[in-house]
Amino acid sequence: MDENLMLIWQNCLQFMRDNLNAAEDNSDLKKLEKSFDLLFDKVQPISLVDNNLTLMVPSDFYKEYIEDNYLSLLSAALKKNIGKGVKLWYSVMENKPAGLEKPVTMNMKGKSVPTPKVQETLPPGFSSNIVNPFVVPGIKKVNIDSNLKSDFSFDNYVEGESNKFAATVARSIAKRPGATAFNPLFLYGGYGVGKTHLGQAVGLEVKNQFPDKVVLYLSSEKFIQQFISAAKAHKQTEFANFYQMVDVLIIDDIQFLSGKSATQDSFFHIFDYLHQNGKQIILTSDKAPADIMDIQDRIVSRFKWGLSAEIKSPDYDTRKKIIINKLSRDGIVLTDDMLDFLASETKTNVRELIGVINSVIAYSTIYKSDLSLELLKDTINKIAANQKKVINIPYIQEVVCDYFGIKREQLLSKTRKREIALPRQLAMYFAKEFTNATFTKIGEEMGGKDHSTVMYACDTIKDVSKIDKEVKKYVKELTEKIKH
């Protein structure tokens with residue numbers, strides 16, 4: 001260990017020990033000092049680079065206990081002995097595998113990089129300077145905004161083979177919220193397949209059938225944001241109290257709780273209270289419960305208490321129904337050949353389909369042209385010409401999975417079977433070739449793999465493609481598919 005770093009750390013410890021809150025008598029003070037020494041005796045500084053101090057701690061408990069009880073004091077010590085702007089990171093020690101002399105370390109997310117002291121990271125576009133609207137002293141059941149959109153009703157929800165099961169369950173829940181076996185209802189599927197619509201449809205129906213029930217819809221980003229605001233104001237109790245009075249709680253994109261241990265703790269207790277008191281919980285995610293990374297096992301277990309229902313991309317018949325439903329609400333009628341063309345051209349998800357329909361309607365209105373098959377084709381060609389394809393890691397994963405006929409969950413799994421391992425290595429290779437992502441970022445997107453695994457995969461594909469005709473063919477054909 002660097003002697004200078006060790007000296008700095010010892011000075012920090014002495015500063016904190018000298019500034020422990022004085023108790024009423026010496027015996028109490030001695031207890032404080034003993035507790036302090038027992039805690040920090042097992043904490044070691046391992047690096048100080050560019051004002052980033054990394055501490056090795058034996059377990060998650062130590063990290064949480066330090067931040068809950070000593071963070072202010074530690075911050076003052078670091079400022080005094082190192083200077084302003086010190087960023088604190090943690091490396092959590094795992095059990096030492098047989099044959100290794102040094103302990104293996106991991107961060108809170110199970111990766112090989114340390115975790116910053118800030119317990120929660122806000123999603124892009126969110127500010128931490130918010131006021132939690134739910135922190136009201138002595139709050140009772142009040143008339144709150146449920147954040148529901150009237151367009152997201154069951155009447156406007158088009159059912160098909162891809163969503164029939166989920167929709168049937170949702171309608172059942174709306175009749176008896178909290179009283180069915182489907183609690184929680186966990187809806188999962190890809191982007192834009194209608195998860196949010198279905199979750200909100202339950203909320204709207206409950207409000208219609210049971211006006212006195214408190215229904216609340218929000219995104220997980222907003223939940224995280226509110227928790228951080230409440231924590232900063234030391235009002236976590238008021239935060240929890242509000243959510244405990246909700247009768248139907250609908251949280252979108254619950255996968256974004258990944259890695260946010262403090263928010264997960266709060267969510268866990270809110271979940272338990274609501275479930276035990278017969279309140280309905282509806283969650284949406286882009287992944288099945290077992291596939292969400294960095295979520296506490298006890299929370300994943302509760303996700304599985306009720307029912308998990310997958311919503312897939314709509315098939316041709318469902319896409320056609322969606323088009324008819326959307327256009328009829330706008331007073332627009334298309335011929336059968338026009339409907340067939342639209343349903344055939346847009347195959348990915350509902351949101352993209354609605355976007356194309358809106359573009360066609362707008363084009364027709366602006367240029368005062370009657371809708372025709374030629375106009376539809378011309379409009380869609382213009383849309384395609386104006387859209388620059390963004391090649392990102394999820395897109396590359398999709399292309400690779402489609403090419404090899406495997407599921408994304410298999411690609412991101414830990415299996416070493418060649419039929420999965422090779423596509424995984426190819427996906428990593430193309431992610432490095434076509435994006436600016438770092439090896440670490442690619443590893444995170446590929447199911448939490450280490451950066452060294454990604455580096456090895458890239459080198460392997462480069463070398464093997466030079467001598468293996470089959471792999472060379474894969475690289476060539478996938479390159480074309482990703483580009484075009």
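Predicted model: local features only at pLDDT ≥ 70, side-chain atom pairs only at ≥ 80, totals over all residues.
The protein chain holds 20 helices and 10 strands, and 44% of its 484 residues count as buried. Among contacts in the protein chain with a separation of 6 or more, 73% are between residues 24 or more positions apart.

- Strand 1 (residues 44-49) and strand 2 (residues 52-57) run antiparallel and are joined by 5 bridges.
- To find your way in this pair, look for glutamine 44, which stands opposite methionine 56 in strand 2.
- The hairpin has 2 residues between its strands, and aspartate 50 takes a positive phi near 50° there.

**Helix 7 meets helix 9**

- Helix 7 (residues 220-232) and helix 9 (residues 261-276) have axes that come within 10 Å and cross at roughly 105°.
- An angle from 65 to 115 degrees counts as roughly perpendicular, and helix 7 and helix 9 are therefore described that way.
- On the helix 7 side, the meeting residues are Phe223, Ile224 and Phe227, while helix 9 brings Ala262, Thr263, Ser266, Phe267 and Ile270.
- Sorted by class, this contact of helix 7 with helix 9 has 6 nonpolar residues, 2 polar ones and no charged ones.

**Helix 17 and its surroundings**

- Helix 17 (residues 418-434) has 17 residues and spans 24 Å from first C-alpha to last, close to the 24 Å expected at 1.5 Å a residue.
- Is helix 17 largely enclosed or open? Of its 17 residues, 12 are buried, so helix 17 is largely enclosed by the rest of the structure.
- The buried residues of helix 17 include Ile420, Leu422, Arg424, Met428 and Phe430.
- Its buried residues are covered by elements including helix 15 (393-404), helix 16 (408-411), helix 18 (439-445), helix 19 (451-467) and helix 20 (469-483).

**Helix 17 against helix 19**

- These two helices, helix 17 and helix 19, pack at an angle of about 95°, with their axes 8 Å apart.
- That angle makes helix 17 roughly perpendicular to helix 19.
- Helix 17 contributes Leu422, Gln425, Leu426, Met428, Tyr429, Lys432 and Glu433 to the contact, and among the residues from helix 19 are Thr453, Val454, Tyr456, Ala457 and Ile461.
- By class, the contact of helix 17 with helix 19 divides into 9 nonpolar, 3 polar and 3 charged residues.

Methods. Residues numbered from 1 in each chain as written. Heavy atoms only, no water. Axes fitted to C-alpha atoms, helices over the stretch in contact; angles between N-to-C directions. Helix = DSSP H or I, 4+ residues; strand = E, 2+ residues; numbered from the N terminus. Parallel < 35°, antiparallel > 145°, perpendicular 65-115°, else oblique. Contact = heavy atoms within 4.5 Å. Nonpolar A, V, L, I, M, F, W, Y, C, P; charged D, E, K, R; others polar. Pairing = 2+ DSSP bridges. Expected span 1.5 Å × (residues − 1). Buried < 20%, exposed > 50% of the residue type's maximum accessible area, 1.4 Å probe, protein only.
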